[in-house]
Structure formats: structure tokens, C-alpha cells
Amino acid sequence: MDGLDRYQLGLGTWENDNPDACARSVETALELGYRHIDTAQAYGNEDAVGRGIANSSVPREEVFLATKVDTGNLGYHDVHETTGESLDKLRTDYLDLLYVHWPVDAYDAEATLAAFQDLYDDGTIERVGVSNFEVRHLDEARELLDAPIYAHQIELHPYLQQDELRSYAADHDHHVVAYSPLARGEVLDDPVLESIADKHDASVPQVTLAWHREIGVAAIPKATSPEHIEDNWGAREVDLDDEDHDRIADLDEGRREVDFPGAPWNN
Ligand SMILES: NC(=O)c1ccc[n+]([C@@H]2O[C@H](COP(=O)([O-])OP(=O)(O)OC[C@H]3O[C@@H](n4cnc5c(N)ncnc54)[C@H](OP(=O)(O)O)[C@@H]3O)[C@@H](O)[C@H]2O)c1
């Protein structure tokens, strides 16, 4: 199975909570050409995502399917047990990518990563991912794992450009996957992005997602309606120039949409 080099643009599913709507979004995206689907135990929609994949005409082995182990399930035995439950819900016997969702709560680097290593060794998961890690967590995980870290999923959009974690990824040869790539909708009315979008006869989400591609990160916008799913897919046709990149670089203000006191960067 090809990885994120090929499937740079994926579909996010957080808060796609209505099971029928979620299954329909996944099916719509796959029929349109998306091949990378992102879910998580915590989203409570793995069953709907599995149904969407099964309902589509795309064979499972052509889908790059990623889920995440919830923070309360990161003990050694719980990783094994709950990954089994995820597989059942997703109607599959393997995952293309399994992430540690957050290095908090039941996360214990040695025990958690030993379980991920087992799942990698027995072929249940094809790649190990981590999410919301700081540099110190990445250093520790690389030390403990024999398997490579394949991807680091972090919030990343024009207002939070994550230079440090992007250069760490380049130095250590793992992918960055941008979550909340549209800043949870906050980019939509941005005047700079609007003017770049006008120039290219494109939409603001298309410009934003083209920017992610051109800076070398994967992106997983969540979209529910066929219109949004299709609009975002159109980003693949948009090419930005150096002036656009300079203007978007200036939008970085370190602003997070996903934050809470216990988040790793606050501790
Ligand atoms: N690892 C983590 O801790 C973590 C945290 C947050 C998110 N994620 C993942 O990243 C995914 C994306 O992040 P996100 O859901 O937070 O935010 P997002 O993708 O930045 O934004 C989603 C919002 O943008 C709207 N939207 C999408 N495409 C649009 C378009 N073309 N035009 C207008 N509006 C559009 C969606 O509306 P509709 O739904 O109405 O289409 C939704 O309200 C999540 O779904 C999840 O899979 C991971």
C-alpha cells in the first residue's frame, strides 16, 4: 500500500457524529477519489467509517485507513484490546496507520510503545504514528521503538505553521499530517487567503490545502457535505506562487484551535 506521499489529501471525521451522515461522507469521498481516511476511537464513529468504506466501490486494500488509540486506552493490554475493537468496527483486519492520539492520561512511553511495536511486528498495523507530541516525546519514542515513526499528526494551518515540528520531521524522516487544516473553519473569511483565492479563481479551502501540499505536509480536512468534500478535493488543481507563500507565511501567529490545560505544550 502506498503511503502519504501518494495520499497527501485525506478526509477527517472528528464530530462527523451522525452515523449515517458519517458513512455517507466517507463513501462520497472514496467515490470522488480520496483514499486516505482519518478517524479515532475517541470520535465514536469507527463503525460508521467502516460502513462507509464497505458501502463504497473502493476495495479496502486501496484505502489508507488511519485511526488513533484513545488516551484512556494507552496501557499495554488496553492498546491490544481496543485496537482489536477498532478493527472490528472498521471491518478490517489491519490498519495502514495507528496513532497514539495524545501523550497524556494512560500514556506510558515504554508500555504504550511496546504494544504498538507488537502490533507492528505481527502485521496488525502497517505503520506507527503519534499525535500531539512535543520534541521531548518524539525523542523518547524514537529511542524506545524499533519501528520507525511514520507520521506525526499535529494541528497545522496558516495561523499555526509549526516550524519546529516540521523541521524535526524533516530531520528524522517522518511525515507531518496537518489536523484542523482549515483552522476549524476560521480560515474561511481571511482577507489574505480570499485575495489569493480570487487570483487563482479558487476557494479559500482550496488555497489553504494547496499550501499544505506545497509545504510538504499531508492534510485531513473534515467535511460532511458532498459540496465541501468536492471543493477540498479541487485543491489538487491549485498551484501557488512565491508571493502567495510569502503572504501566507506572514499569517502565522501561533494560534491554536485545539487546546486545553492538560495539553502537552502546556505542561
Ligand atoms: N489528532 C488530533 O488530536 C486531532 C485533533 C483535531 C482534528 N483531528 C483530525 O483532523 C480532522 C480535521 O480537523 P477539524 O475537523 O478539527 O477541522 P478542519 O478540517 O480544519 O475544519 C472543519 C470545518 O470546516 C468546514 N469545511 C470543510 N471543508 C469546507 C469547505 N470546502 N468550505 C467551507 N467549509 C468547509 C467543515 O464543515 P462541514 O463539516 O459542514 O463540511 C467543518 O466545520 C478532524 O476531523 C480529525 O480527523 C485530529
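This is a predicted model: local features need pLDDT of at least 70, side-chain atom pairs count only at pLDDT 80 or more; totals for chains, interfaces and linings use all residues.
1. Residues are numbered from 1 along each chain as its sequence is written, and side-chain values use heavy atoms, with hydrogens and water left out.

2. Helix 1 (residues 19-32) packs against helix 9 (residues 226-233) at an angle of about 35°, and their axes are 10 Å apart; helices here are DSSP runs of H or I with at least four residues, and strands are E runs of at least two. The contact (heavy atoms within 4.5 Å) brings Ser25, Thr28, Ala29 and Leu32 of helix 1 to Pro226, Ile229, Glu230 and Trp233 of helix 9. Of the residues in this contact, five are nonpolar, two polar and one charged.

3. The model has six aromatic pairs, a pair being rings of Phe, Tyr and Trp (its six-membered ring) with centres within 6.5 Å, and stacked if the planes are under 30 degrees apart, edge-to-face if over 60 and tilted otherwise. One of them joins tryptophan 14 and tyrosine 43, which are stacked at 6.4 Å centre to centre with 25° between the planes. This pair links distant parts of the chain, 29 residues apart, since tryptophan 14 lies in the segment before helix 1 and tyrosine 43 in the loop between strand 1 (36-38) and helix 2 (46-55).

4. Tryptophan 14 returns at the largest pocket, where Trp14, Ser180, Arg184, Pro221 and Lys222 lie nearest the centre among 32 lining residues. A pocket is an open set of points on a 1 Å grid with protein on both sides within 12 Å along at least five of seven lines, whereas a cavity is a set where a 1.4 Å probe fits but cannot get out, and lining residues have an atom within 4 Å of a point. The volume of this pocket is about 660 Å³, and helix 9 gives the largest share of its lining, three residues. The lining divides into 13 nonpolar, 13 polar and six charged residues.

5. The structure holds one cavity of 30 Å³ or more, and the largest cavity has a volume of about 40 Å³. Its lining includes Asn132, Phe133, Glu134, Arg256 and Trp265.

6. Glutamate 134, one of those lining residues, sits in the loop between strand 4 (128-131) and helix 5 (135-144). Not counting residues up to four places away in sequence, glutamate 134 touches Pro264 and Trp265.

How values were computed: Axes are lines fitted to C-alpha atoms, for helices over the stretch in contact, and angles run from 0 to 180 degrees between N-to-C directions. Ala, Val, Leu, Ile, Met, Phe, Trp, Tyr, Cys and Pro count as nonpolar, Asp, Glu, Lys and Arg as charged, and the others, Gly among them, as polar. Grid points are joined across faces, edges and corners, and a volume is the space filled by probe spheres set on the points.
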